[in-house]
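Colleague: I have a structure to go through with you. Could you take me through it step by step?

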Amino acid sequence: MEDGWKNCGFQIYRSLKRKDGTEPGKPQLLRSQSFTADTIRKASVQWYKMKWQLTGSANDLWGEEVQGYAVIDAKSPLQGPLEFFRPGKVNQIRVRFFNLSRGDDASDDFRCAFLKFGESESEGPLDLAFSTGRVSCYHSTASLQDFLTALDGDEDCTRDWALRMPNNYYALADGIRRYPKCRTELDYHNYATFTVKTENGNKLVRFRLHGKNDVGSRLSKQEQEEAWIIQRPDIELPMDTYLQQRLRDIAKENLSMKLQVQIRDENENVESVFDPSTEWEETDFPWHDLADIILSYSVPKVSTERAKYDFCSFPAHIEMVTPEGKDNFGSLVHIQEKVLTSSTRKKHKEGELPTGHKETTFLVHVETGNHLFSGTDAGVYIALYGTKGRTKKILLDKLFHNDFERGSKESYYITVPVIGDVKFLQVFLIGGKYTFKREWFLNNIVLMDLTTRKLFEVPVYRWINDKITIPTGEAMLLQKERNSDRKYIRQIWLDERSKIYPWCRQDGLPGCIDIETYDGLPVELKYSTERQIEKKKILADVLIKLKLHKYTTVFQSFDSFEDFKTMSEVVPSSETSNAIKESDRWRTDEEFGREFLAGVNPVMIRRCKEPIQKFPVTNDMVGGLLDRGKTLEEEMKAGHIYYVDYPHMAGIPRNGQLYVTDPIVMFYVRESGVLVPIAIQLSQEPGPNNPVWTANDSELDWLLAKMFVKATDSHYQSIYSHLVQTHFLMEAITLSMHRQLPPNHPLYKLLIQHCLFTVASGQMGRDLLVNGEDSVFSKILAIPGHECDLMRKRFKDFTVNELIMPRAFAERGVDDEKLLPNYHFRDDAMLIWNKLTEYVTKILSLFYKCDKDVADDTELQAFLTDLREHGLRKSAGPPNGLPDKFASLPELVEVTTMIIFHSSCYHAALNFTQLDYFSFGPNYPSCMRRMPPSEKGVTTMQDVIDSLPNKSIQAVCIAFSSYLSEPLSDERYLGDYQDSHFTETEVREILDWFSDEMEKISQSIHKRNLDLDIPYVYLLPERVPKAAGQ
């Protein structure tokens, strides 16, 4: 036996039998035969059960319950499909300790423990019962009856029972514990045999809870000779509940145990393998560490009494073995459950506190969200967890008052035991699931300890349907977290989020959440109710106006450009849209060029440094359009030639009735600084049927060629630049953030407001625009059913450098303001980018003091890995450009700035421009209804009109653009941080500074716009929502 202790039960039994003149001890496993019939045996057990219930003879059965965590070993011996035993998994647990038959902690007794995987008071999902002693004192219904009779009687009864069988004496000597110092020092065994499915096949398993000093309270050899005698120690007699008192102060020192298992092959179908009164020899089947059991808080008595255990129900992949034969050992677990869980004691009053505990009063301030239906009619309870203990669940309620209504701010006083500094809390919603509204949007909770005057802020800003465990508000890196419970809470939070937000891998596209439609989204990722209503109202208003003019059902062509103008007036006009239509400005080359710098898709233009082989533009073709007196080649070298190319549109199937091309456009920066188109090729491959069109051609030829370019740009902007590169990418980033960063991580707090509704908008984009035969894209674009082909072709070439603005502008050769003036998107973007970089650096530097802090942050590295390997994973093409690891603070700052800018500014520039440009069809047609021209000099005005979208297509385009571009009333804009998740004073000062800087940028943009014919307003900070949640 370990540590030199030996069970002398068999030896003593034989010795005592000889003294009595009886036969020597019988074999260890010989069964006693009861004369009682099975029905009488069962009735007898029920009688004992009822007796214990009515008399309360086991008056300490409720025992002491503690809660904590089971941290599965990194080399879990039961690794397999059973989630509880996944390596590194952190499970919340409750453990109840109690004496089997006596209320006096100092008396000799069997000590028992219940282990629950879970923290709730309800049964399961995996409950295990343990007792001291390596073998059970009973193996059948009859032997259980005998054992209970012995426990209920005096010492003579116990002696008679022990001497009846050698294995009885052995079990008694093995299981009795005398005056233990602490319950967590003991070993507790579960006598059932389980089948567990592992990665190496099914295994037979037994469990035990392993303490650190089990030998210290076992019976010595001398004491074993009279093991049936119930004693108390002769030294200073402790009070009879001293073990309870030691566990109640558990928060001061986290106690720990080990959950261990013995494992053997499933094919060993020997009866003794399953016999609870037979141990598995440790030399043959050693104990393996399965989990560290960390015990952190004593559970209030009221909660202990309410807790229920079910030892007969198990999750998938684990089951209790019931061998064939006359002895159904598995049934004993059922009997054990009924007997051990049926005893009761006088219940504690709700307000009763343990003797000697001091009290304090907390002021609890609760703020409910202001969204529609944010309030709740359920009962709201909270439980506080501090450095010295925890409270029971406390109802927050005012008499004759309707608590927790939408937008309400309520205050409550609660008196609780002193628990030290609050580290985290739980919020519970109880009742109301089927009778009235249960969901609740909780903004935040502020706690003030009126004794110490300490303030604890808990930002939440999420929906609650059942319960939530949330840490107090201070941001903290995992490696700097000193409170072990908060560390475990972080891991549990992330495990839950990984299940709630599973990846769906779309080959060749960014990862998304694994659901079918928007309705399947978790509630906390959906749009707010008022946002859903407002978006539907915007769409309904536009559709009603269009239907009143019978535009939505008319498939005929427009008669003139004026008819297009008339339809565009159905929606509110802006200064930009009016200026485009005024005096046919939209037809000019100057406006065409301006829109590629400050229009709906200002991220396409590139500098042309050398001739493009597939685009054979010569100096003879365009020399007369160059106003500096230089050749085309000289202008290229000087940095005055630019181009836009759509190679990914080539090869995408068209629907045969609507048309779109894959053009290349060449631009020239005039000496005045104005950008104008000088050459267009409507397909990628040059040839006799694919001429190069120039401004020297007829006005209508040139106008029609520009319209085909705009139709292609419309496809490209709608499908890729906007939907994929804004919404799908932000959806992937948001999912990785939720899956890998806990809510008290500083990066989570920094990013969360920039990720609001982004998953909802991504999924809504798939549902509304792409999926199904009735999708918006199928009605207005020329590649219905093949939008994803374009997405995949373009995403194949994607790298994150496209999202890092300084690199993106430099890579495209458009970063020089002197060479390419009037690029207002670039100018405003860089103003905000530079200030965002400074802002992000200021905040992250508060938490990452050096590069080593960045490299050592395992949660941060997991976020990066998840994003690289799942969110932005590519099946082909160059790598996505994300680093293998964040190694320095500047590297982290750059990626963080990229995320914030992309969700706010990049999205604003591509989203809120749509109605201004798409509402007037001739300027930006969504598709063309005639094949592209292949012969010069034959185009008529009627050809141009008939090539443009018909009234029905244009009506859908206007409705779609209005639906996406209309600002919503609940938007939060750059610089507005009234709902910040940070509680630190230093961060709030930075937020105030950033708001002031955004105001300065806004003033500079307004000043610049005074000199522009068409002001560029889309990156004004007060018009840039913080998140791409449209």
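Modeller: Let us begin with a term: accessible areas come from the Shrake-Rupley method with a 1.4 Å probe. For the protein chain in this predicted model, the accessible surface comes to about 41,000 Å². Carbon and sulfur atoms account for 50% of that surface.

Colleague: What percentage of the residues is buried?

Modeller: Of the 1030 residues in the protein chain, 59% are buried.

Colleague: And how many helices and strands are there?

Modeller: The protein chain has 31 helices and 26 strands.

Colleague: How many bridges join β13 to β16?

Modeller: Eight bridges join them, with β13 covering residues 379-386 and β16 covering residues 422-430. Ile 382 stands opposite Val 427 in β16.

Colleague: A change of topic: what is the average pLDDT of the protein chain?

Modeller: The average is 86, and 89% of the residues score at least 70. Over residues 23-61, however, pLDDT stays under 50. Residues 342-351 also have a pLDDT below 50.

Colleague: Why does that matter when I read the coordinates?

Modeller: Where pLDDT is low, the predicted coordinates should not be read in detail.

Note on methods: Residues are numbered from 1 along each chain as its sequence is written. This is a predicted model: local features need pLDDT of at least 70, side-chain atom pairs count only at pLDDT 80 or more; totals for chains, interfaces and linings use all residues. Side-chain values use heavy atoms; hydrogens and water are left out. Two strands pair if DSSP finds at least two bridges between them. Helices (H or I, at least four residues) and strands (E, at least two) are DSSP runs, numbered from the N terminus. pLDDT is the predictor's confidence in each residue, from 0 to 100. Contact means heavy atoms within 4.5 Å. Buried means under 20% relative accessible area, exposed over 50%, partly exposed in between (1.4 Å probe, protein chains only).
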